[in-house]
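Subject: Model handover and notes

Hello,

Here is the structure I promised to pass on. Please open it beside the notes below.

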Amino acid sequence: VTQIFKNTRFSTMNGYSNCSANHTEIWSRNLVLALGIPQLTINIASVIFNCTAIITRKATKDLHKPISILFCNLAFSDLFTSFSGFWISMLFITKPDDTIFGSKDMLAPYALYTTSILSTIYNLVSIGIERYLAVAESIRTRFRIARNHSIAVVLINWVLAFFLGCLPLMGWNCLHTGKNLSVLYSPFCVDYLIFITTPNVVAAFIVPLFTYLRIIMILRKRKLRMKACGQAIGTYKSAEIQVARTSIFIWLLALVSYAPLFAGVIFDAINHQCPLDLYPSVYIFRNCTAMLITMNCLGNPIIYTLKTKTLGAKLKSLKCLSGKRLQACTIANI
């Protein structure tokens, strides 16, 4: 009876009346394990890494700093992503066919997974903006970015992420209708996936790219001003190179992590094939995109807990140093 139900529902999936299924089992057990076990392993590793990042932040007792609040919240978002990803991986191993046909069991984990990914994206954007403001306007803006502002940003990020991510739980899903049903992320609707991914993935690419490029340009401009004053620029040049490397790594990590997901949603929107015609290649690609997103959760604590802490200290010392030197240069020119 269950198989007949699946066949009937599958025949109207995505509005294509010519889709049918006569298979008693879609996924190969070996393929399920080959995809599911690495996903579980990466999610567990991500949980460990982000728990370590949170403990490290708390142990250093620097949560009074605005940027540290954003870093810690990013680790919580990545931890949330890893837990929800682990849940989805377990469902994939135990009920792999539900990831093709869709079921009510997939709705809640997919919604929580979406929420956590959105929260991570909003945190990455917020960190990029904070870093830009901290460097762009020197000490005046530095004091303007207060701890309360970071807490407000964190709350807004989570409220927005939960609202958008839980829309399918509020009714925007295609669980009981075959029309507009996603073939990759059933029971989500295709129009919901486009609504969620397009602006947020673009923001994840564009905003960090702009902010970190501006930071590099500001450092280069200050370096040239110090050079014109006859001051040593070796330390500034070192900081500029480190910022450039870290910024490129951050942007490439986001690109590699989220671009395949966006490509999958675009494919989902223009696809006119039956889901069984897409098996197994497209569904293997879908699972690989999930692993790439988890890899982003692994990379974030390394970048933002280790590299950025050292870089932030260097930029802070440079800011004080350049302020004194530029003031002395101005007096000398007068």
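Predicted model: local features only at pLDDT ≥ 70, side-chain atom pairs only at ≥ 80, totals over all residues.

Residues are numbered from 1 along each chain as its sequence is written, and side-chain values use heavy atoms, with hydrogens and water left out.

**Fold**

The chain has 11 helices and zero strands. Helices here are DSSP runs of H or I with at least four residues, strands are runs of E with at least two, and numbering starts at the N terminus. Of the 334 residues, 51% count as buried. Buried means under 20% relative accessible area, exposed means over 50%, and partly exposed lies in between (1.4 Å probe, protein chains only).

The unreviewed UniProt entry annotates "transmembrane region" at residues 67–90, 110–129, 150–172, 192–217, 248–270 and 282–306. Those positions are given in the numbering used here, with feature names shortened, and such annotations may be inferred rather than shown by experiment. Take two of these segments. Residues 67–90 are 100% helix and 0% strand, with end C-alpha atoms 35 Å apart. Residues 192–217 are also 100% helix and 0% strand, and their end C-alpha atoms are 38 Å apart.

Helix H5 (104–136) is worth a check. Its 33 residues should span 48 Å at 1.5 Å a residue, and the end C-alpha atoms are 49 Å apart, which agrees. The expected span is 1.5 Å times one less than the number of residues. Of the 33 residues of H5, 26 are buried, so the helix is largely enclosed by the rest of the structure.

**Cysteines**

There is one disulfide, taken as a pair of cysteine sulfur atoms within 2.5 Å. Cys174 is joined to Cys189, S to S 2.0 Å. The link is right-handed, with 120 degrees about the S-S bond. Both Cys174 and Cys189 lie in the loop between helix H7 (147–165) and helix H8 (190–228), so the pair ties together parts that are 15 residues apart in sequence. Cys174 is buried at 3% relative accessible area. Cys189 is buried too, at 4%. As for other cysteines, Cys51 is partly exposed at 30%, and Cys72 is buried at 11%.

**Cis peptide bonds**

Most peptide bonds are trans. Two cis bonds deserve a look. The bond from Ser186 to Pro187 is cis, with omega near 15 degrees. Pro187 sits in the loop between H7 and H8. The bond from Tyr279 to Pro280 is cis as well, with omega near 0 degrees. Pro280 is in the loop between helix H10 (275–278) and H11.

**Cavities and a pocket**

How many cavities of 30 Å³ or more does a search of the whole structure find? The search finds three. On a 1 Å grid over the protein atoms alone, a cavity is a set of points where a 1.4 Å probe fits but cannot get out; a pocket is an open set with protein on both sides within 12 Å along at least five of seven lines; lining residues have an atom within 4 Å of a point. Grid points are joined across faces, edges and corners, and a volume is the space filled by probe spheres set on the points.

The largest cavity holds about 420 Å³. It is lined by 30 residues, with Tyr113, Ile117, Tyr185, Leu261 and Ile293 nearest its centre. Helices H2 (29–59), H3 (66–94), H5, H8, H9 (234–270) and H11 (281–333) each give two or more residues to this lining. H11 has the largest share, seven residues. By class, the lining has 18 nonpolar, 11 polar and one charged. Ala, Val, Leu, Ile, Met, Phe, Trp, Tyr, Cys and Pro count as nonpolar, Asp, Glu, Lys and Arg as charged, and the others, Gly among them, as polar.

The second largest pocket has a volume of about 150 Å³. Its lining includes Leu70, Ser126, Glu130 and His149. H5 and H7 each give two or more residues to that lining. H5 gives the most, four residues. The lining of this pocket divides into five nonpolar, three polar and one charged.

Best wishes
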